[in-house]
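Visitor: I would like to learn how to read a protein structure. Please take me through some features one at a time.

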Amino acid sequence: MLCALYLEWRTDVVSFRFEPRRYQFAEHGRLEPLDCTPDYEAILTTGELVIVEAKYDPEQLTEVQRTKLALAAAHFEGKGVPYEVVYRSELERNGFIDTVFLLRQYGLCQYTESLLKAAEQRLASGEEADLWEWRQRAEKCGVSTPVLYHLLYRQRLPLVYRPLQFEELTLWRA
């Protein structure tokens, strides 16, 4: 599920489906045959199909799993289809998951474009920063937290991901 959240957040992903189909690859050159059902198929803004596998941690993969992932990557890339492995542990380690969980509900809210542009303009001088710094800037500029979080989730402001502190994980309430 966290990989789906990651794919939903990516601005280059138009759509994605979970375990959409089974692939069967015949032996090809030095590649052994493979029968697999990838976790996700994603369509990018370019129209390109990308295969995405979701795994927990690269350190916890068995040798058999590593071999199968490498074989799948080789087969898909041989067909001209990009293949990615997304590791949950990496998304958690850098604070991405906690931050996106926090911001997502605000990213789904509806605001007028004029309100969002005005907020962006007030915050425009801000360079890339973490969530805490953006909250400080928004408070100084008179931009509400829900609007700030919407802009951050929609990637209209440059956000640096880092593990969040407890007070940052607390939902904002009026």
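Guide: Some ground rules come before the features. This is a predicted model, in which local features need pLDDT of at least 70 and side-chain atom pairs count only at pLDDT 80 or more, while totals for chains, interfaces and linings use all residues. Residues are numbered from 1 along each chain as its sequence is written, and side-chain values use heavy atoms, with hydrogens and water left out.

Visitor: Which residues of α7 are buried?

Guide: Helices (H or I, at least four residues) and strands (E, at least two) are DSSP runs, numbered from the N terminus. Buried means under 20% relative accessible area, exposed means over 50%, and partly exposed is in between, with a 1.4 Å probe and protein chains only. In α7, nine of its nine residues are buried. They are T145, P146, V147, L148, Y149, H150, L151, L152 and Y153.

Visitor: What covers the buried residues of α7?

Guide: The cover includes α1, α4, α5 and α6 (131-141). Contact means heavy atoms within 4.5 Å. Leaving aside neighbours within four places in sequence, H150 is in contact with Y106, G107, C109, Y111 and L116.

Visitor: At what angle do α4 and α7 pack?

Guide: Axes are lines fitted to C-alpha atoms, for helices over the stretch in contact, and angles run from 0 to 180 degrees between N-to-C directions. Angles under 35 degrees count as roughly parallel, over 145 as roughly antiparallel, 65 to 115 as roughly perpendicular and the rest as oblique. For α4 and α7 the angle is about 105°, and the axes are 8 Å apart. That makes α4 roughly perpendicular to α7. On the α4 side the residues are V100, L102, L103, R104, Y106 and G107, and they meet P146, Y149, H150, L152 and Y153 in α7.

Visitor: How are the residues of the contact of α4 with α7 divided by class?

Guide: Ala, Val, Leu, Ile, Met, Phe, Trp, Tyr, Cys and Pro count as nonpolar, Asp, Glu, Lys and Arg as charged, and the others, Gly among them, as polar. By these classes the contact of α4 with α7 has eight nonpolar, two polar and one charged residues.

Visitor: How do the axes of α5 and α7 cross?

Guide: The axes of helix α5 (residues 113-123) and α7 come within 10 Å and cross at roughly 85°. The two helices are therefore roughly perpendicular to each other. L115, L116, A119, E120 and L123 of α5 make the contact with V147, L148, H150 and L151 of α7. Here the classes are seven nonpolar, one polar and one charged.

Visitor: What is the handedness of the crossing of α1 and α4?

Guide: A crossing is left-handed if the near helix is turned anticlockwise from the far one by less than a right angle, and right-handed if clockwise. The axes of helix α1 (residues 2-9) and helix α4 (residues 96-107) come within 11 Å and cross at roughly 65°, and the crossing is left-handed. The contact is made by L2, L5, Y6, E8 and W9 of α1 and F96, I97, V100, F101 and R104 of α4. Eight of these residues are nonpolar, none polar and two charged.

Visitor: How many aromatic pairs are found in the whole structure?

Guide: Rings of Phe, Tyr and Trp (its six-membered ring) pair if their centres lie within 6.5 Å; planes under 30 degrees apart count as stacked, over 60 as edge-to-face and the rest as tilted. The search finds 12 aromatic pairs. In one of them, the rings of W9 and Y161 have centres 5.9 Å apart and planes at 85°, so the pair is edge-to-face. W9 lies in helix α1 and Y161 in the loop between α7 (145-153) and α8 (166-169), 152 residues apart. W9 is buried, at 16% relative accessible area. Y6, W9, F96 and Y161 form one aromatic cluster.

Visitor: Where is Q155 found, and what is its phi?

Guide: Most residues other than glycine have a negative phi. Q155, in the loop between α7 and α8, has a positive phi near 60°. At 30% relative accessibility, Q155 counts as partly exposed. E19 also has a positive phi, about 40°, although it is not a glycine. E19 is in the loop between β1 (13-18) and β2 (23-25), and at 41% relative accessibility counts as partly exposed.
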